Amino acid sequence: MALFPELDPDPIISIDKNGSIISTNKAGKTIIKETNTNNNCKTVEYLFPKINYELNELIEKNESIVFQKHINKTHYNVLLRGISEINVAHAYFHDITTLKDYENELQESKQKLLELSNHIQQLVEQERNLVASELHDNISQKLLLLKINLDKIVQNYSINENSKDIVNTNEILESTISEIKEIIYNLKPKFLEEMGLGTALTSLCSKIESDCGIKGSIDINNFEIRLDKKLELMLYRITQEALNNIVKHSRAKEFNIQLLYNSKKNLKLIISDDGVGFNSALQNTYKGFGLLNIKQRVESENGKFKIDSTIDSGTILFIEIPIK
């Protein structure tokens, strides 16, 4: 039995109730040598400074605890097991350095992916602004001039302005101008830039209600501040994405938006509907990018994102973001 610890490639250290080292295997001796700067020290206080206080109870109750220890660039998972029959505790060290390296690499990759997502969102917004400006400054102005010229031609050449062709042409021009204005608004919401988030969300709520026939309501509580422009735009786009999902998939009759700002300087955005819902436990298996896009946007601001939904019971999106 004594040979088993000795042959184990992982470090094993046996200690008594006082934390004194009773025995070690070869790998354990290496750890003691690396960590014991005071060669006269015979206890593991330097190795587990917080464990000694629990050691008696651990041995008497035959309990175990698991913790991690970093020694000379090596990460260990340590199992400390008490054995009351012989009044001894055994510390088993398992090298998890490779696993830790993988975890660090995964975290770095996640961070880079988040940064890439933020960069792409910024590029998208820049392109939206560019397209909106082009439509407003060029296409929209030319259509207005075309309509003015058409009116002049009708007047100068005494053409019957009520003729079918003229009426149809005017209707097409007015409809096109109206559609372009709507596209410009969606690309670059005017209310958001001029009046702030609350007004912009109220306008968005009214537009969805009138265009789609879904009854909408919005509650704004204790929110009179202007946020950073990028944050306001992000929250507007999140709401826009959520409402688009409601219109396309929920079959809801009503939806509600709540915008709250509390004393802890946290902003809460809650979007709910009474639609068909879905199994939120399986949200990660869906192929759509809408919810994933919302989640990434919220996490980029160190916020919290939660979905509460069940089939035939509607959906609620909870978003909480700390405000600097």
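This is a predicted model: local features need pLDDT of at least 70, side-chain atom pairs count only at pLDDT 80 or more; totals for chains, interfaces and linings use all residues.
I started with the α4–α9 contact: Leu114, Ser117 and Gln121 of α4 meet Asn293, Gln296, Arg297 and Glu299 of α9, where contact means heavy atoms within 4.5 Å. By class, I get 1 nonpolar, 4 polar and 2 charged residues there (Ala, Val, Leu, Ile, Met, Phe, Trp, Tyr, Cys and Pro are nonpolar, Asp, Glu, Lys and Arg charged, the others, Gly among them, polar).

Numbering runs from 1 along each chain as its sequence is written, and side-chain values use heavy atoms, without hydrogens or water.

Next, the geometry. Helix α4 spans residues 97-156 and α9 residues 290-299; they pack at about 105 degrees, axes 10 Å apart. That makes the two roughly perpendicular (65 to 115 degrees; under 35 is roughly parallel, over 145 roughly antiparallel, the rest oblique).

Then I looked up Thr315, in strand β10 (residues 315-322). Buried or exposed? Thr315 is buried, at 10% relative accessible area (buried is under 20%, exposed over 50%, partly exposed in between, 1.4 Å probe, protein chains only). Its side chain makes a polar contact with that of Ser309 at 2.9 Å (N or O atoms within 3.5 Å, one able to donate a hydrogen and the other to accept it; sequence-adjacent residues need both atoms in side chains). Beyond four places in sequence, Thr315 also has contacts including Ile271, Phe278 and Ile307.

Last, Ile218 in strand β6 (residues 215-221). Its C-alpha is 5.6 Å from that of Asn256, 38 residues apart along the chain. I also find Ile218 touching Leu201, Thr202, Cys205 and Ile257, leaving out residues up to four places away.

Technical notes
Helices (H or I, at least four residues) and strands (E, at least two) are DSSP runs, numbered from the N terminus. Axes are lines fitted to C-alpha atoms, for helices over the stretch in contact, and angles run from 0 to 180 degrees between N-to-C directions.
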